[in-house]
Amino acid sequence: MTTRIGIIGAAGRMGQAVIAAIARRGDCQLSVAVVRPGSTTAPQGWHGIVPCTDLGTAFDAADVVIDFSSAAITQQVVDRARATGIPLVIGTTGLHPVAQENIRQAATTIPIFQAANMSLGVAVLQHLVREAAARLGPDWDVEILDIHHGLKKDVPSGTALSLGRAADEGRRHDGGALSLDRAGPRPAGGVGYAALRGGDVVGEHQVFFLGRGEQICLSHRATDRTIFAEGALQAALWLAKRAPGLYGMGDLIANFSQASQ
Ligand code: NAD
């Protein structure tokens with residue numbers, strides 16, 4: 001059966017990339033493309049789908065909805081998914097803690113997949129960071145640098161924060177985030193963040209473990225946002241058959257490795 005996919009933020013960089021990814025597959029189809037109210041964009045290649053501006057429509061004609069839009073509307077998106085029972089993939093980052101809590105609650109009644117980074121490579125990097133932090137212990141300082149295009153709104157990136165959480169999990173200690181504009185000696189513990197913004201950089205993350213007399217740097221560079229689009233689409237097709245719950249890339253990867261054994 002062909003899975004019907006609704007996309008919120010369809011005219012954006014990621015929305016367009018997901019639409020292109022759908023066109024490359026035979027097991028799903030674009031059924032609704034939601035764009036920002038007042039948007040005049042009418043991109044090509046939507047296979048006869050007319051863009052609409054009503055969030056609700058995305059859930060009326062889809063088996064699963066993918067959101068790559070704006071943190072400003074995440075609450076509305078999640079409420080609508082909850083009201084209709086339609087599975088939701090959230091790729092949007094920079095969410096307010098209240099919206100994040102809303103997602104956790106909604107996931108008790110509907111399937112939700114959320115990942116600040118939908119690439120397989122970053123999922124593996126998170127695993128490596130957790131492992132390195134566990135083995136190196138609390139004496140090594142962890143600093144994370146993210147580099148993105150100049151139009152990115154959130155800083156640090158959602159991926160940088162998720163890598164910081166992975167380090168905290170590995171160290172079994174949440175020392176909090178060190179301020180981006182800190183000055184003076186570095187306090188012990190915590191995860192430090194730094195960010196560069198400019199040009200058309202798709203996304204780069206470097207996780208530094210800084211010890212005494214030695215350093216380790218684990219890094220990932222995305223050169224094409226197709227990887228996020230393909231990941232989101234795989235997540236959507238997988239999520240459409242899941243029970244209610246909050247899922248992430250770790251669940252998707254575990255599923256793939258089980259399937260290949
Ligand atoms: P973008 O600005 O190119 O696209 C966002 C789109 O959402 C725009 O077209 C905008 O008009 C639209 N939008 C805003 N409000 C809307 C509304 N009310 N209804 C419908 N559409 C609305 O941004 P992008 O680069 O595509 O990124 C989108 C989000 O996804 C950001 O939060 C970004 O950080 C995140 N992102 C996540 C991943 C991942 O792997 N999870 C990868 C890249 C980007």
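The model is predicted, so local features need a pLDDT of at least 70 and side-chain atom pairs count only at pLDDT 80 or more, while totals for chains, interfaces and linings use all residues. Residues are numbered from 1 along each chain as its sequence is written, and side-chain values use heavy atoms, with hydrogens and water left out.

Let us start with the ligand. It is surrounded by 23 residues, and the closest are Arg13, Met14, Thr93, Met118 and Lys152 (a residue is near a molecule if one of its heavy atoms lies within 4 Å of it). Sorted by class, this shell holds eleven nonpolar, eight polar and four charged residues. Here Ala, Val, Leu, Ile, Met, Phe, Trp, Tyr, Cys and Pro count as nonpolar, Asp, Glu, Lys and Arg as charged, and the others, Gly among them, as polar.

Now look at some single atoms. A backbone N or O atom of Ala115 is 2.9 Å from a nitrogen atom of the ligand, and a backbone N or O atom of Ala116 is 3.1 Å from a nitrogen atom of the ligand. From Lys152, a polar side-chain atom lies 2.9 Å from an oxygen atom of the ligand. Taken alone, the ligand exposes 850 Å², and the protein buries 83% of that (areas come from the Shrake-Rupley method with a 1.4 Å probe; for residues, only the protein chains shown count as cover).

Thr93, one of the closest residues to the ligand, lies in the loop between β4 (88-90) and α4 (97-106). Helices (H or I, at least four residues) and strands (E, at least two) are DSSP runs, numbered from the N terminus. Is Thr93 buried or exposed? Thr93 counts as buried because its relative accessible area is 17%, and buried means under 20%, exposed over 50%, and partly exposed in between, with a 1.4 Å probe and protein chains only. The side chain of Thr93 also makes a polar contact with the side chain of Asp154, at 2.7 Å (a pair of N or O atoms within 3.5 Å; within protein, one must be able to donate a hydrogen and the other to accept it, and residues adjacent in sequence count only if both atoms are side-chain atoms).

Gly121 belongs to helix α5 (residues 120-136) and is partly exposed, at 32% relative accessibility. Ala177 is in strand β7 (residues 177-178) and is exposed, with a relative accessible area of 57%.
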